[in-house]
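Dear colleague,

Please find the structure below, together with its sequence. My notes on what was found follow it.

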Amino acid sequence: MSPKGNHGMSFEDLKREALKLSLDDREDLAYSLLRSLDEEEDDVNPDHARLWREEIERRYREYQQGTAQTFDADEVIAELRAELACGK
């Protein structure tokens, strides 16, 4: 990636400006960027969507059968927040 990209703004400048956005706007931006990666992956690997669908179906079957390892969401979030607070 070139330092100034296509719009005369460096990556660091772009990141700095993005971090000034409201939480909702940053969430929307992150979602849009992630979706663009998925779309690009689908273009590169046409089997991408099928493979994900198979993985989702496999995980759902394991969940339904009681063989999937599950985690309490509140505990996972608390652990992640603790790790982030420690700078891990």
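In which helix of the protein chain is confidence lowest, and in which is it highest? The lowest mean, 84, belongs to H2, and the highest, 94, to helix H4 (residues 73-86). Confidence here is pLDDT, the predictor's own score for each residue, from 0 to 100. The protein chain averages 86, and 85% of the residues score at least 70. Where pLDDT is low, the predicted coordinates should not be read in detail.

This is a predicted model, in which local features need pLDDT of at least 70 and side-chain atom pairs count only at pLDDT 80 or more, while totals for chains, interfaces and linings use all residues. Residues are numbered from 1 along each chain as its sequence is written, and side-chain values use heavy atoms, with hydrogens and water left out.

**Overall fold**

The protein chain contains four helices and zero strands; helices (H or I, at least four residues) and strands (E, at least two) are DSSP runs, numbered from the N terminus. Of its 88 residues, 2% count as buried, where buried means under 20% relative accessible area, exposed over 50%, and partly exposed in between (1.4 Å probe, protein chains only).

**Helix H3**

Helix H3 covers residues 48-65 and reaches 26 Å from its first C-alpha to its last, close to the 26 Å expected; the expected span is 1.5 Å times one less than the number of residues.

The structure holds eight salt bridges, each a side-chain nitrogen of Lys or Arg within 4 Å of a carboxyl oxygen of Asp or Glu. Among them is the pair Arg-50 and Glu-54, with the closest N and O atoms 2.8 Å apart. Because these two residues lie four apart in helix H3, about one helical turn separates them.

Glu-55 pairs with Arg-58 at 2.5 Å and with Arg-59 at 2.7 Å. Salt bridges that share partners join Glu-55, Arg-58, Arg-59 and Glu-62 into one network. Glu-55 is partly exposed, at 21% relative accessible area, as is Arg-59, at 47%.

**Before H1**

Ser-10 is found in the segment before H1 and is buried, with a relative accessible area of 16%. Its side chain reaches the backbone nitrogen of Asp-13 at 3.1 Å.

**Between H1 and H2**

Leu-21 is found in the loop between helix H1 (11-18) and helix H2 (23-44). At 32% relative accessibility, Leu-21 counts as partly exposed.

Yours sincerely

How values were computed
Polar contact = N/O pair within 3.5 Å; in protein donor to acceptor, adjacent residues only side chain to side chain.
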